[in-house]
Amino acid sequence: MSTPQVPAPRPHRIAVIGSGPSGLYTAEALLAGDPSVHVDVIDRLPAPYGLVRYGVAPDHVKMKSVIRALVRTFDDSDRVRFLGNVHVGPGGIPGEALREHYHAVVHATGSAVDRDLGVPGEDLAGSVGSGAFVSWYCGHPDAVGPGPLLDRPGAVVVGAGNVAVDVARVLARPADDLAATDAHDAVLDALRASAVTDVHVLVRRDPLHVKFTPAELRGLGGLDDVDVVVHDDGLLAAGVAEPEERRMRQNIEMLTEWAGRSSTGAPRRIHLRFLRSPVRLVDDGTGRVGAVEIERNAPDADGRVRGTGERETLEAGLVVRAIGYAGEPIEGLPFDAATGTVPHEAGRVLLGGEPVRGSYVAGWIKRGPTGVIGTNKGDGAQTAESVLADLPTLSTPPRPGGDAVVERMRSYGVDPVLWEDWLRLDAAELALGERRGGTDRVKIADRAEMLDAARSRSSRS
């Protein structure tokens with residue numbers, strides 16, 4: 001007598017919108033947590049990996065190696081898919097339509113809006129956010145076109161974090177150093193032609209309160225043909241109390257050493273200007289930034305800083321603000337404009353304090369733009385745990401099925417890039433790297449060219 005076969009449980013279908021670290025770590029935890037779970041990782045770009053691909057500077061090769069771990073999320077091709085080139089929202093597939101195909105939808109779309117300085121002249125040509133600048137040098141499809149204005153000697157970067165250091169380093173380092181990275185040709189050409197000789201990093205507080213990591217700061221001191229000049233009002237020379245935190249001790253040691261160095265006469269300089277804030281971007285008479293008026297700050301009795309009224313002007317044709325990011329509202333979800341995040345509890349979206357059934361968040365849109373790449377692993381695991389706990393109570397979607405959602409996307413004029421398509425694009429970039437020599441890959445930045453390569457219509461592959 002044959003043993004009756006037990007039918008396999010019907011899949012629980014989950015969409016993760018965003019293929020950066022937060023989305024992929026969430027997908028990984030979902031797949032590991034329940035064998036009935038099937039995940040579609042959806043991204044508006046034709047390529048996966050989000051901020052690792054489009055937010056990490058080209059010369060941070062070691063940091064980009066996390067992709068080797070992220071790619072393993074797609075190992076189980078029977079249970080996980082990549083659907084790239086899919087915009088969810090106006091102009092693409094509406095979020096409401098997408099939700100008809102899934103038990104749960106996890107939004108892991110990050111925080112893409114540059115915060116403003118809030119000073120006069122910020123809207124002048126030559127004033128850009130670090131998000132736009134980083135997207136340009138990382139070959140983001142949205143940043144294809146005229147690059148930043150690099151035709152004048154002075155540039156100002158505002159910020160005290162790693163992004164500010166990245167921007168300053170890319171502006172100052174010899175462009176040919178980046179030829180050994182995945183930077184695309186238009187970026188290399190623009191940097192080779194750059195007239196920038198002096199990059200001024202404005203830090204509102206003193207050297208004891210910067211957010212740079214020692215590794216990022218050390219990268220400035222190791223640049224060829226670049227002097228690092230520390231302007232700190234003599235604080236380091238006078239001696240500062242040794243910080244308790246090891247990170248800060250390392251930073252202070254480096255900054256103190258640089259403050260005591262003499263100029264080598266290098267053709268380019270990075271100026272670290274502490275206790276300085278921009279108060280006005282000055283129009284050069286053509287609607288473009290020609291200078292930045294800055295104010296000296298001083299610490300008060302509470303450990304905060306305040307303006308002293310003492311001002312000076314720096315000539316600059318480019319100003320990059322690197323003071324943080326905020327999220328954008330997501331169609332159909334509540335949004336807290338003050339924090340730039342979606343209200344949630346352990347990743348469950350909240351409306352009026354109550355969970356929105358089947359809607360979840362992960363990553364920066366959940367917690368704000370904080371932490372490092374690895375922070376997203378625990379964050380994604382928390383959201384996945386909430387989804388898995390809720391699965392027995394979630395409604396069956398009216399249009400379940402793996403192929404149904406792709407057909408629905410195409411009905412809205414959205415043609416997804418599948419994983420095998422991405423592999424063709426990946427191979428095309430690797431081939432470009434081989435042609436350049438000395439680098440593993442060269443990014444294809446133009447969206448149409450990316451799609452051509454993905455669908456084997458390009459001579460690149």
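Trainee: What is the order of the six strands in the open sheet, and is the pairing parallel or antiparallel?
Mentor: The order is β6-β14-β7-β8-β10-β9, with parallel pairing. The edge strands are β6 (127-129) and β9 (226-231), as each pairs on one side only. Averaged over the sheet and ignoring direction, neighbouring strands are turned by 20° against each other. This is a predicted model, in which local features need pLDDT of at least 70 and side-chain atom pairs count only at pLDDT 80 or more, while totals for chains, interfaces and linings use all residues. Residues are numbered from 1 along each chain as its sequence is written, and side-chain values use heavy atoms, with hydrogens and water left out.

Trainee: Which helix lies across β7, and at what angle?
Mentor: Helix α7 lies across β7 (154-158), β8 (198-203), β9, β10 (268-274) and β14, and runs at about 165° to β7. Helix α11 (residues 246-259) also packs on the sheet, touching β9 and β10, with its direction at about 100° to that of β9. Contact means heavy atoms within 4.5 Å. The angles, from 0 to 180 degrees, are taken between N-to-C directions of lines fitted to C-alpha atoms, for helices over the stretch in contact.

Trainee: Which residues touch the most other members of the largest nonpolar core?
Mentor: They are Y137, L171, W258, I270 and L272, out of 48 residues. Helix α7 (residues 162-172) gives the most to this core, seven residues. A second, separate core of 44 residues includes I14, V37, F74 and L425. A nonpolar core is a set of buried Ala, Val, Leu, Ile, Met, Phe, Trp, Tyr and Cys residues joined through side-chain atoms within 4.5 Å.

Trainee: Why is strand β2 called largely enclosed by the rest of the structure?
Mentor: Buried means under 20% relative accessible area, exposed over 50% and partly exposed in between, using a 1.4 Å probe and protein chains only. Six of the six residues of β2 (residues 37-42) are buried, so the strand is largely enclosed. V37, V39 and V41 point one way, H38, D40 and I42 the other. Strand β1 (residues 12-17) runs parallel to β2 and is joined to it by six bridges. The partner of I14 in β2 is V39.

Trainee: Why is the pair of F74 and F82 called edge-to-face?
Mentor: Rings of Phe, Tyr and Trp (its six-membered ring) pair if their centres lie within 6.5 Å; planes under 30 degrees apart count as stacked, over 60 as edge-to-face and the rest as tilted. The centres of F74 and F82 are 6.1 Å apart and the planes stand at 85°, so the pair is edge-to-face. Both residues are buried. Ring pairs also link F74, F82 and W419 into a cluster.

Definitions and conventions
Helix = DSSP H or I, 4+ residues; strand = E, 2+ residues; numbered from the N terminus. Pairing = 2+ DSSP bridges.
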